[in-house]
Each structure stands twice: as C-alpha cells, then as structure tokens.
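Please look at the protein below and keep it in view while reading.

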Amino acid sequence: MNRITKYRQLSDNEYEIWFENDRIAKKAQPGQFIILRVDELGERIPLTIVDTDKDNGTVCLIYQVIGKSTKKLSTLTVGDHILDVLGPLGTPTEIKQYGTVLLVGGGVGIAALFPIVKGLKEAGNKVITVLGARTADLIILKEQCEAYSDELIVMTDDGSLGEKGLVTDAMERIFKRETVDTAWAIGPSVMMKFCTLTAEKYGVPIYVSLNPIMIDGTGMCGGCRVSIGDTTKFACVDGPEFLGTDVHWDEFIQRMKQYRDEEACSLETYQK
Ligand code: FES
C-alpha cells in the first residue's frame, strides 16, 4: 500500500505522483484531500486528491516544494512507499446541475480545481475554466481541464501563454458576457480574495478552498480554524470549501504567513 507507481516533475518545484491505495481511490470525491507523512518524524502534509484510477486502485497528488517536508516528499520516486496516508478527508464539493459554472484556478491550486471541473462537467453543467499563473511553465493540467471544459481561458502575468493579465480580468469579461450561476476559485489566498470580490460585484456565489495548517485532519486539534461569517470553522471537516464572501480574508492571509520564516529556516537546515 502507498507504493508510488508514477512520478513526474511538472515544473521547477511542482511534482505529480500516483500511488496505490485502493480504498482511497474507491471513496474519494471532488474537493477531498488526504494527509500524508513521509517518515516517522515527518510533518503531516495535507494535499488535495487530484484524480483517481478506481480500476488500478491508484491516487494522484500534485504538490509544490515549499518547505522541508515537501522537499523530502520530492525525494520519493517510483517504487518507494509513502509511510502513511489518511483519507479521504473533508466535505466533498456539492456536485450537481447548476447551469453555467465558472472555475478559476491559480498556480498549484489548479490541481485542486481539476477534480471539480471534471465532476461538474460530468454532472451536465456548462463549464468555463480560467487558469492563471505567473508564467507558462506554471500552468499545469491544461489539457486535462480542457477535456472537461466548454471553454478554457489561460491568463499569465507575462503573457507567455494565453493572454497577459489576471484571472480576475477574464472573470470580469465572462460576467459581462453571460449569466454564471456559480463560481469556484482555488489558488493563492490573495487570488481567492480578489476572485471573491469580483464575483460579489456581479452577484455570483463563489466557493473557495482554504488550505490552512492542518495536523490531525479530523476536527480535534483546532490548527485549521478559520473565521467564516461570525463563527469559527475547522477547514478539515467543515471545509475545505467555503463561500468566499463568508471568509475573513485579511485574518486568513495573515495566518497563512505565520510560520513562513520557520519554514524557510527548516528547509535551509535540511538542505545543508
Ligand atoms: Fe486539526 Fe482541523 S486539522 S482540527
């Protein structure tokens, strides 16, 4: 179990792996995630389930190396085993017929968006997908998203792929052009905040997927708490998806930066 069957480097610091886990492959639904450990002293890493192959009992993850733990994960390759994997966790995305849906993914957030694109298309929605990143090489899963989208727009900061501009520019254009029933945005916190403000301006409900620090992943430690409306929720069990207009963005963005220095220091020490 948890033996890696495929390994692919997608960009400078983004990797795709497939590993064997029959139970997770059979049970996973769009929007859910797993928590894994690479070794006994390892940090618990939450990662969205990108895709599954139910026939082969394999599960796909895409991750970005941002600290010591993800660096360690990137050293595992085909034939290696992940020490332990917990999941599927989290409340799945509500997949149903909405009508026209707009899905916006930024950077490695595209990995978490893809299963929702796929699920909503299979449920009979008209799917418009917008993918954004700084440069062309950071746009991942373009062909896979295209296969399940009625329209796919790519936006890059430097114009090296698709159009030059921000994902919110594309959102504005779509909202002016046609009625969108529901939207999703998954990517960096600041991107999700501005996608929310854009959707709110046009009165379109928008869901975002929050990725705070997680420890147990089962609602017991409180590490993943987020302020949603006037209540505190746990992203691991109540989310990770929430209505973007209910998220206290400034507090969330601040909390996401909380351990940045420690992460950088830990990675530096590990690499010495
Ligand atoms: Fe512990 Fe969510 S990760 S409560």
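What follows is a set of questions and answers on this structure.

This is a predicted model, in which local features need pLDDT of at least 70, side-chain atom pairs count only at pLDDT 80 or more, and totals for chains, interfaces and linings use all residues. Residues are numbered from 1 along each chain as its sequence is written, and side-chain values use heavy atoms, with hydrogens and water left out.

Q: How many helices and strands does the protein have?
A: Helices (H or I, at least four residues) and strands (E, at least two) are DSSP runs, numbered from the N terminus. Counted in this way, the protein has eight helices and 16 strands.

Q: Why is the protein said to be as compact as a globular protein of its length?
A: The radius of gyration is taken over C-alpha atoms, and the globule rule is 2.2 Å times the number of residues to the power 0.38. For 272 residues the rule gives 19 Å, and the protein is as compact as a globular protein of that length because its own radius of gyration is close to this, at 18 Å.

Q: What percentage of the residues in the protein is buried?
A: A residue is called buried under 20% relative accessible area, exposed over 50%, and partly exposed in between, using a 1.4 Å probe and protein chains only. Of the 272 residues in the protein, the buried share is 50%.

Q: Among contacts between residues at least 6 apart in sequence, what share joins residues at least 24 apart?
A: A contact means heavy atoms within 4.5 Å. Among the contacts in the protein between residues at least 6 apart in sequence, the share that joins residues at least 24 apart is 63%.

Q: Which strands are the edge strands of the open sheet of seven strands?
A: Two strands pair if DSSP finds at least two bridges between them. The sheet has mixed pairing and the order β11-β10-β9-β8-β12-β13-β16. Two of its strands pair on one side only, and these edge strands are β11 (163-164) and β16 (241-243).

Q: Which residue stands opposite Lys164 in β11?
A: Strand β10, residues 151-156, pairs with β11 in the parallel sense over two bridges. The residue that stands opposite Lys164 is Thr156.

Q: Is Thr168 buried or exposed?
A: Thr168 has its place in helix α5, residues 167-177. Leaving aside neighbours within four places in sequence, Thr168 is in contact with Phe194, Cys195 and Thr198. Its relative accessibility is 14%, so Thr168 counts as buried.

Q: Where is Pro240 found?
A: The peptide bond from Gly239 to Pro240 is cis, with omega near 15 degrees. Pro240 is found in the loop between β15 (231-234) and β16.

Q: In which strand is the place of Pro88?
A: The peptide bond from Gly87 to Pro88 is cis, with omega near 0 degrees. The place of Pro88 is in a strand of residues 84-89, namely β7.

Q: What is the relative accessible area of Leu141?
A: Leu141 is found in the loop between β9 (126-133) and α4 (142-147). Its phi is near 55 degrees, a positive value in a residue other than glycine. Leu141 is buried, and its relative accessible area is 10%.
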